[in-house]
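Here are some notes for a first reading of this entry. Please keep the view open while going through the points.

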Protein chains: 2
Amino acid sequence: MESFHRGAYAIVDAAGAVVAARGDIERPVYPRSAIKILQALPLVESGAADRFGLTPAELALACASHDGEPAHVQTAASMLSKAGLDERVLECGAHWPYNEAAKLALAAAQGVPGALHNNCSGKHAGFVCLGCVMAGDRDRRGFLGGYVEPEHPLMREVSAAVESATGCDLTNAPRATDGCSIPTFGIALRQLAHAFARMATGQGLAPGRAAAARRLRAAVAAAPFMVGGSGRFDSRVMALFGERVFCKVGAEGMYCAALPEAGWGLALKMDDGNNARACEVAAAALFEALGVARNEAERALLADLSDVTLRNWRGREVGRLAAAPDLRRTLARAGI
Amino acid sequence: MESFHRGAYAIVDAAGAVVAARGDIERPVYPRSAIKILQALPLVESGAADRFGLTPAELALACASHDGEPAHVQTAASMLSKAGLDERVLECGAHWPYNEAAKLALAAAQGVPGALHNNCSGKHAGFVCLGCVMAGDRDRRGFLGGYVEPEHPLMREVSAAVESATGCDLTNAPRATDGCSIPTFGIALRQLAHAFARMATGQGLAPGRAAAARRLRAAVAAAPFMVGGSGRFDSRVMALFGERVFCKVGAEGMYCAALPEAGWGLALKMDDGNNARACEVAAAALFEALGVARNEAERALLADLSDVTLRNWRGREVGRLAAAPDLRRTLARAGI
């Protein structure tokens, strides 16, 4: 055993009861991109999604940390275009596509990355659509300027949705700035898991918000590629499980999931902030242990994702990433 | 405090006495690229470095995990050319340059990466030069085939140097395959630190080996860019400290250093395998606490490297990477 990742998780039902947990689930953590689906609720509730005729793929992109592949970039551009705007309105910053092939192709075409390539461009395009409705008769560009700031009416609306879904009073919560410049608030894993149990079931949400949650989950299930990209964990899981699993990674080792069949929410934070080889392997093992898989294909996918073969530059098998047996034992002790 | 990295380290003198330590320093860890300087000893001792007229820059590259910038690629090619060979002999595999600008420039020029871009190409080119001397009258290419295999005479020679420097019997040590296909052996942090104290002082090494150690350290100090690249931690530290610090990162959170003035060796392993934001920050803090800096510029560099400002995609300051106060307290308790 060469390297280790440690973390904490909470599995909570819609009534707020802790089904299983490990580690400190009351310490505030920054959920970052793991809660984009909560931040997208006002986009649907406000009527903005309908007003601009957003497609399921576009709604999925609003919940995404995408890899900047051409379809992601085009979809983000389409959302802005429907609102009569373009990428110049985005305040997320630019970075090269996370997808290696897309990045190299862009470089080979003598291109440079823009805000549409930013993994958060879909979330920001959703904010922009929401902002256009909130602006009413005011000038859209004028209203949207500085929309990433915590005190901007748009960001207050987004944060209010997070506050009501998690039940966490954000007024005095720790606050940091996310990679894409919007605020992220310190919220306990228990509260995050509770929010995702609410998203899974609609319980504890006002009817309009519960309907928005269902619509967003269905959109992501219909267009799972949009939420991540080629080969990405979240996209692979949701492509197979459909609406039976909503799951989303966030920077710094964050992971949240909604499991509608069980009516549970899951929130996971790895101490060291590692996503791909810590969070995702642990999440796959938790899905396995929670019995989410129904058939052989689903079991096989989770087995692949919870015990990953590592190969070196010549393709030789040189190791494995595997969930610790202890992770499953904790659930067994909780009677799952 | 959002994310945490844990680890263990040993600081040992040339007699093998533990000067300071934290965590389990007897558990075998895979040192990987952190001990390339040990693996380069036979290149010098065998006379191969002299026979092929290797320059300090070329010897530094033999100890390097380089970023695949043009100067690295050219230097590796030059080493092979001096031995009458080319990159086709390399068994390290190919990958895109780690340096982002070099990678994007290669893609923009419609290029593809080869074995020379592999971060280990200098180490492998050094192995090839050694192998050419070991081959004697035999066909060089024939002798070199499969040189990465643990039982190949070349790799046995390299492993023997590691064995004698560390004092660790590798016969029954855990063995894994490194990213570049050569074997890596499980060795205790205490033994690794002891090896670097020997490299720092020459004590406990045969005269020829001690001379080789001095020559390699001097080569790296003369060409610190070769050992890493633009902006890389090891290159920045050694560019300023010269022969007063030899330091080298290795995959999976490994770090080794030789401190000739104190006569100490340092070996550090971060549990989660994180290099850039765990190992390097911890190493900089340890150098600070060990009093390696002599002047304001040196103190300023270590302060920068042990407390790093993080910026998001728009350049906003969003956080810090900082060594835990506890790291320094451990040294203080050891009377340092």
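1. Which residue in E9(A) is the bridge partner of A:Ala257? The partner is A:Leu266. Strand E8 (residues 254–259) of chain A and strand E9 (residues 264–270) of chain A pair in the antiparallel sense over six bridges. Strands are DSSP runs (E, at least two residues), as helices are (H or I, at least four), numbered from the N terminus; two strands pair if DSSP finds at least two bridges between them.

2. On the source: this is a predicted model, in which local features need pLDDT of at least 70 and side-chain atom pairs count only at pLDDT 80 or more, while totals for chains, interfaces and linings use all residues. Residues are numbered from 1 along each chain as its sequence is written, chains are lettered from A and ligands numbered from 1 in the order in which they are written, and side-chain values use heavy atoms, without hydrogens and water.

3. E8 and E9 belong to an open sheet of five strands in chain A, with the order E2-E1-E9-E8-E7 and antiparallel pairing. E2 and strand E7 (246–250) of chain A stand at the edges with a single partner strand each, so one side of each has no neighbour in the sheet.

4. Strand E1 (residues 7–13) of chain A pairs with strand E2 (residues 18–22) of chain A in the antiparallel sense, over four bridges. A:Ala10 has A:Ala21 in E2(A) as its bridge partner. E1(A) and E2(A) form a hairpin with four residues between them, and A:Gly16 in the turn has a positive phi of about 95°.
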